[in-house]
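Below are my notes on the helix packing and the core of this model. Please read them with the coordinates open.

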Amino acid sequence: MATITGPLSGEARKVVAEALQGALVDLIDLSLVAKQAHWNVIGAHFRPLHLQLDELVAVAREHADTVAERAVALGINPDGRSATIAGSTKLQQPEQGWIEDGKVVATFTDILEGVTKRMRERVAATDEPDPVTQDLLIAVTQDVEKQHWMFQAQR
């Protein structure tokens, strides 16, 4: 059986693997909770939030794929299985059922603040072991911070 190998080994590989897996979990679950809210948002601002949540889903999915493919390029197996995401997510989960538009804004402002914090920690952690991965995580962080701003501005 063929295997994929990469340029990192030892502690550098471990640090980068943890950063990429953590980012993957955040991004996959972000796409899921945003889609859940997209389907269940109600209120006077339904339409713009409905569309904004779809934009957030697209950003999260695009970056999740890039993060997973970076892991593979380094010989690291990404794990995006539903059980893994459910068991390791740190994202606040939106409430079940219809969610008022103001609650959606508040919830996603908080969710994105948490994701941003963890992404910045990953950026710092990958500085020394793998600047290429760090660069990828910087791009993810930039887009997550932009989404955070757009939700926060509606509070």
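1. A nonpolar core is here a set of buried Ala, Val, Leu, Ile, Met, Phe, Trp, Tyr and Cys residues joined through side-chain atoms within 4.5 Å. Buried stands for under 20% relative accessible area, exposed for over 50%, and partly exposed for the range in between (1.4 Å probe, protein chains only). The model is predicted: local features need pLDDT of at least 70, side-chain atom pairs count only at pLDDT 80 or more, and totals for chains, interfaces and linings use all residues. Residues are numbered from 1 along each chain as its sequence is written, and side-chain values use heavy atoms, with hydrogens and water left out.

2. The largest nonpolar core has 39 residues, and the members that touch the most others are L30, V67 and F108. At least two residues of this core come from each of α1, α2, α4 (101-125) and α5. α1 gives the largest share, 11 residues. Helices are DSSP runs (H or I, at least four residues) and strands likewise (E, at least two), numbered from the N terminus.

3. Helix α1 (residues 10-40) and helix α2 (residues 46-73) have axes that come within 8 Å and cross at roughly 160 degrees. Axes are lines fitted to C-alpha atoms, for helices over the stretch in contact, and the angles run from 0 to 180 degrees between N-to-C directions. α1 and α2 are therefore roughly antiparallel; angles under 35 degrees count as roughly parallel, over 145 as roughly antiparallel, 65 to 115 as roughly perpendicular and the rest as oblique. The crossing of α1 past α2 is left-handed, a term for a near helix turned anticlockwise from the far one by less than a right angle, with right-handed used if clockwise. The contact of α1 with α2 has 16 nonpolar, 4 polar and 4 charged residues. In these classes Ala, Val, Leu, Ile, Met, Phe, Trp, Tyr, Cys and Pro are nonpolar, Asp, Glu, Lys and Arg are charged, and the others, Gly among them, are polar.

4. How do α1 and α5 cross, and at roughly what angle? Their axes come within 11 Å and cross at roughly 20 degrees, α5 being the helix of residues 131-152. The two helices are therefore roughly parallel, and the crossing is left-handed. On the α1 side the contact (heavy atoms within 4.5 Å) is made by V16, A19, L20, A23 and L27, and on the α5 side by T133, L137 and V140. By class, the contact of α1 with α5 has 7 nonpolar residues, 1 polar and no charged.

5. α2 and α4 have axes that come within 10 Å and cross at roughly 25 degrees. That makes α2 roughly parallel to α4, and α2 passes α4 in a left-handed crossing. The residues in contact are F46, L49, L53 and L56 from α2, with D101, V104, V105, F108 and L112 from α4. Of the residues in the contact of α2 with α4, 8 are nonpolar, none is polar and 1 is charged.

6. L20 lies in α1 and is buried at 2% relative accessibility. Apart from neighbours within four places in sequence, L20 is in contact with V67, R70, A71, L74 and T133. L20 and R70 are 50 residues apart in sequence, with 8.0 Å between their C-alpha atoms. V67 in turn touches L20, A23, L24, L27, L136 and V140, residues up to four places away in sequence not being counted.

7. Q52, in α2, is buried at 10% relative accessibility. Beyond neighbours within four places in sequence, Q52 is in contact with Q147, M150, F151 and Q154. The C-alpha atoms of Q52 and E69, 17 residues apart along the chain, are separated by 26 Å. T141, in α5, has a relative accessible area of 5% and is buried. Residues up to four places away in sequence aside, T141 touches M119, R120 and V123.

8. Is G114 buried, partly exposed or exposed? This residue of α4 is partly exposed, with 21% relative accessibility. The C-alpha atoms of G114 and K90 are separated by 8.3 Å, at 24 residues apart along the chain.
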